[in-house]
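Here's a quick briefing for anyone opening this structure for the first time. Take a look at it, then read on.

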Amino acid sequence: MSLKKAVIIIIIAIIFQCGAKADETIKAENNAYLHNNKGLLYLKEEYYFGAIKEFEMAIDLLPNEQASATFYVNLGTTYEKIGYPELARPCFEKAVSINVLNFDYYKKLAENYKKLSLVDEKLNAYYNDTTSPLNDVMTGLLYIQKGEIETGIIVLDDFCNKEPNLIITEGIKEYLKNITKEKL
């Protein structure tokens, strides 16, 4: 074999070897989003068992990340759709604990407490717990779920005045705008 052919074969071998390397790193976050998205498709198709399994896999991959709060809400929503609000409750509670500044998660949790007839019990607990100003958010929502809409509006409006710079405040203000329009 000539030297020229040997050099060409070596160069070709090097090129193929360099091109054959792949990133074998498993990215749990990407996979979690894929499972969540697949779960959403299943939920849309009313394939609830598949949706539950996909949301659970997403949660298993990212159990305590802020993004996983969405996975917990999706799982809780699925449980409610199939008539199991008691299974949805810990999902919504976990979502609120992971992402404390998402107002929609508080609304879902308050609605879930109403479905489970826990409004009075939880209202008492949140009202008496002064460790976090965010407990006022749940207190206001629970008053509204209880039917004491004016009191709930006052509590939420007071929260907005005390905490004007929090991200959650904008969601509360929008909610108050909508609920006062409905009330009129």
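Helices here (H or I, at least four residues) and strands (E, at least two) are DSSP runs, numbered from the N terminus. This is a predicted model, so to speak of local features a pLDDT of at least 70 is needed, side-chain atom pairs count only at pLDDT 80 or more, and totals for chains, interfaces and linings use all residues. Residues are numbered from 1 along each chain as its sequence is written, and side-chain values use heavy atoms, with hydrogens and water left out.

**Confidence**

- The predictor's confidence in each residue is called pLDDT and runs from 0 to 100; the protein's mean is 91, and 91% of its residues reach 70 or more.
- Among the elements, helix α1 (residues 3-20) has the lowest mean pLDDT, at 70, while helix α6 (residues 103-115) has the highest, at 98.

**Two loop residues with positive phi**

- Ser117 sits in the loop between α6 and α7 (119-128), and its phi is near 55 degrees, a positive value in a residue other than glycine.
- Ser117 is exposed, with a relative accessible area of 67%; the cut-offs are under 20% for buried, over 50% for exposed, and in between for partly exposed (1.4 Å probe, protein chains only).
- Glu46 isn't a glycine either, yet it has a positive phi of about 65 degrees.
- You'll find Glu46 in the loop between α2 (28-44) and α3 (48-61), and at 56% relative accessibility it counts as exposed.

**Helix α7 and its two sides**

- Val119, Lys122, Leu123 and Tyr126 are the buried residues to look for in α7.
- Seen down the axis of α7, those buried residues fall within an arc of 105 degrees, so they line one face of the helix; the arc is that of the directions from the helix axis to the C-beta atoms.
- Over on the other side of α7, Asp120, Glu121 and Asn128 are exposed.
- The buried residues of α7 pack against α5 (85-98), α6 and α8, where contact means heavy atoms within 4.5 Å.

- Thr139 belongs to helix α8 (residues 135-146) and is buried, with a relative accessible area of 2%.
- Setting aside neighbours within four places in sequence, Thr139 touches Leu123, Tyr126, Tyr127 and Val155.
- Val137 is also in helix α8, and it counts as buried at 0% relative accessibility.
- With neighbours within four places in sequence left out again, the contacts of Val137 are Phe103, Tyr106, Leu156, Phe159, Ile168 and Ile172.
- From Val137 to Tyr127 it's ten residues in sequence and 9.9 Å in space, C-alpha to C-alpha.

**The largest pocket**

- On a 1 Å grid over the protein atoms alone, a pocket is an open set of points where a 1.4 Å probe fits, with protein on both sides within 12 Å along at least five of seven lines; lining residues have an atom within 4 Å of a point.
- The largest pocket holds about 180 Å³ of space, the volume being what is filled by probe spheres set on the points, with grid points joined across faces, edges and corners.
- Its lining includes Tyr126, Tyr127, Thr139, Val155 and Phe159.
- Helices α7, α8 and α9 (149-162) are the elements that give two or more residues to this lining, and α9 supplies the largest share, four residues.
- The lining divides into five nonpolar, three polar and four charged residues; Ala, Val, Leu, Ile, Met, Phe, Trp, Tyr, Cys and Pro count as nonpolar, Asp, Glu, Lys and Arg as charged, and the others, Gly among them, as polar.
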